[in-house]
Amino acid sequence: MPLLEVENLRKQFGGLMAVDDVSFRVHRDQIKALIGPNGAGKTTLFNALTGVDKPTSGKVLFDGADITGKRAHEVAEIGIARTFQNTQIFANMNVLENVMVGRHCQTKSGIFSCMLGLPSVRREDLESEERAYSLLTLVGLEKKAKSSSDDLPVGERHLLEIARALATEPKLILLDEPAAGLNNEETSRLSDTIYRIRGNGVTVLLVEHDMGLVMEISDEVVVLNFGKKIAEGPPLLIQQDEQVIQAYLGQEIEHA
Amino acid sequence: MTSGRRGRLNKQWLWVGLYALTMAIIPNVLANNYYMKMLIVLAINTIIVIGLNLLMGYAGQVSLGHAAFYGIGAYSSAIMTTKYGMSAWLGIVAAILVGGLVAYLIAIPALRLKGHYLAMATLGFAEIVHILFIELREITGGTDGLYGVPAPSIAGFAFDTPQRLYVLVWMVLVICLVMALNIAKSRVGRALRAVHGSEIAAASMGVDTAKYKIQVFVLSGILACVGGSLYASMAGYVSSESFTLTVSITLVTMAVCGGMGNVWGAVIGASTLTIMQEYLKSYNDYNLVIFGAILILAMVFMPQGIYGAFSDLAKKLKHRLQAIPETAGEQHAAS
Ligand SMILES: Nc1ncnc2c1ncn2[C@@H]1O[C@H](COP(=O)(O)OP(=O)(O)OP(=O)(O)O)[C@@H](O)[C@H]1O
Ligand SMILES: [Mg+2]
């Protein structure tokens, strides 16, 4: 059974069909990429999958269960985590605390036990802190744990979002343009990180404009154009696909 | 790293102890009923502003209507004790229950609104409540208010003088402070700040944003009710004039001036502005103008509040000191 099944998903904004009848599957332990020109509907698709927006029609199955239309926090609890193209850092918290918010799913203390400062709350907190710290180490931000998150450059914000999403201990992570704002060296470190994420048993669905990165790390690629799926397959075939080349006319995709 | 965190937490409880001690000593220095009443009002304001800070500073949800909960607390106590002959303790319990219920019922629709709309909704709610205080003459005494609210007593000891009542208010204040600090540094505190920082990201991390917004609204409403209930015991009477828009604005000004998003900011803001309000008593009619102006000035020139300004200053000083070569070697395991 595939981990994620998207069936005939549609998302309409007024007269615009931003995602138009898209179906695809993501298998366990895959790194799958979702590409397409600007405005193709990639972020909209992510929003529809994660409960940030309700899809207009279609179905989303996760681990065989229908999760269509579930609310964002329920989707997170079920095991899908994500990052944001326009990063959504909690600027009022330091870097470590940002990641600790990701532990929300994995912890239980309610407002009363927190108010009373019960020992169980403190135990959970220490565990969360340790896990958060090790995730910061994974993305290479451990030295900035106590820095203000608002001071991070764009590239590091994406890395922080990855650590924060991983803190929910997801089965599937959706990354929306994680390489934006990274230089070449940082991008190659990002691809190592993504491999390591997959190595830890987390399936990856990745939106990315850096074709070098996409072609290098993904097992399979889905291509969207004007909301429609125009191709799906392994990177090598996608690079030679007529329709894909047409869609990207004027943009290079072969330099992998 | 873990031990560093523990060190910081211990320091926080040291501050709590120091504050509690100071607040316990002050009345012994000011053995005068007038100042005692001011000190009780200061403590009550601190309790309310701590709640307001959790709501506004932590969770980022504005309320311009907290005078309503303050009033609901005071009237619930007064009605239960004077009309139904309940003890003052049951009055406080009633205040908490009624206030909590009203806050819950208001929170469900109001917290779907954001920013200015939420501010307007809470303001409208407070105006309606204020009108009800005046118009429901049968139970609220109308414009006359209610007289003869008793003081709580325990095993024959009545908290019936300002000195005695202060002991009770002081205990409630310290308990509220400790609880708020506990929440602030906990999982729930982080969830509240996440809602403030980015609602979408908070939800995507598994935070049920609607649930936490309602919880913190109810909590802040209950704290305001507790304050109102204590106020009724101190004054011995309640009247609608004590719960106007001006009071709501004053409370918000205290929260903002002290420093949002930090529990100590609430303590500082409520203390400073209560004392200032006392000195400006002869200009009472201009309270709304004065506090409105302070609020605007604070938001423009000191958005982090007094707490934020001082902690910035402290950080800069520390930085300077560490930059001096001789002391540089002392920056050992501190971090
Ligand atoms: N909330 C919205 N309301 C109306 N239209 C929207 C909304 N969000 C996205 N769109 C439109 O939907 C289309 C798809 O946008 P989307 O952001 O999903 O593209 P994308 O593939 O992520 O592009 P990019 O590579 O630039 O991030 C665009 O035409 C966009 O203008
Ligand atoms: Mg996008």
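Visitor: Where is Asp29(A) placed?
Guide: Asp29(A) sits in the loop between S2 and strand S3 (31-35) of chain A. Please keep in mind that this is a predicted model.

Visitor: What is phi of Asp29(A) near?
Guide: Its phi is near 65°, which is a positive value in a residue other than glycine. Most residues other than glycine have a negative phi.

Visitor: Is Asp29(A) buried, partly exposed or exposed, and why?
Guide: Asp29(A) counts as partly exposed because its relative accessible area is 40%, and that class lies between the cut-offs of 20% and 50%.

Visitor: And Asp63(A), where is that one?
Guide: Asp63(A) belongs to the loop between strand S4 (57-62) and strand S5 (65-66) of chain A. Its phi is near 55°, again a positive value in a residue other than glycine. With a relative accessible area of 29%, Asp63(A) is partly exposed.

Visitor: New topic: ligand 1. How many residues surround it?
Guide: There are 13 residues around ligand 1, and the closest are Lys42(A), Thr43(A), Thr44(A), Gln85(A) and His209(A). By class, this shell has four nonpolar, seven polar and two charged residues.

Visitor: How much of the ligand does the protein cover?
Guide: On its own, ligand 1 has 630 Å² of accessible area, and the protein covers 61% of it.

Visitor: Which elements give two or more residues to that shell?
Guide: They are strand S2 (16-26) and helix H1 (42-49) of chain A. H1(A) gives the most, with three residues.

Visitor: What coordinates the magnesium ion?
Guide: The magnesium ion, ligand 2, is coordinated by Thr43(A) through OG1 and by Gln85(A) through OE1, at 1.9 to 2.1 Å. These two residues link distant parts of the chain, 42 residues apart: Thr43(A) is in helix H1 of chain A, while Gln85(A) is in the loop between strand S6 (80-82) and helix H3 (95-102) of chain A.

Visitor: Is Cys114(A) buried or exposed?
Guide: Cys114(A) counts as buried, at 1% relative accessibility.

Visitor: Over to chain B. Where is Glu278(B)?
Guide: Glu278(B) is in helix H12 (residues 263-279) of chain B. Glu278(B) counts as buried because its relative accessible area is 18%, and the cut-off for buried is under 20%. The side chain of Glu278(B) also makes a polar contact with the side chain of Tyr34(B), at 2.6 Å.

Visitor: Last one: where is Ala191(B)?
Guide: Ala191(B) lies in helix H8 (residues 187-197) of chain B and is buried, with a relative accessible area of 1%. Ala191(B) and Val207(B) are 16 residues apart in sequence, and their C-alpha atoms are 6.4 Å apart in space.

How values were computed:
Residues are numbered from 1 along each chain as its sequence is written. Chains are lettered from A and ligands numbered from 1 in the order in which they are written. This is a predicted model: local features need pLDDT of at least 70, side-chain atom pairs count only at pLDDT 80 or more; totals for chains, interfaces and linings use all residues. Side-chain values use heavy atoms; hydrogens and water are left out. A residue is near a molecule or strand if one of its heavy atoms lies within 4 Å of it. Accessible areas come from the Shrake-Rupley method with a 1.4 Å probe; for residues, only the protein chains shown count as cover. Helices (H or I, at least four residues) and strands (E, at least two) are DSSP runs, numbered from the N terminus. Ala, Val, Leu, Ile, Met, Phe, Trp, Tyr, Cys and Pro count as nonpolar, Asp, Glu, Lys and Arg as charged, and the others, Gly among them, as polar. Donors are N, O and S atoms within 2.8 Å of the metal (3.2 Å for Na, K and Ca); water is not among the atoms, so sites may look incomplete. Buried means under 20% relative accessible area, exposed over 50%, partly exposed in between (1.4 Å probe, protein chains only). A polar contact is a pair of N or O atoms within 3.5 Å; within protein, one must be able to donate a hydrogen and the other to accept it, and residues adjacent in sequence count only if both atoms are side-chain atoms.
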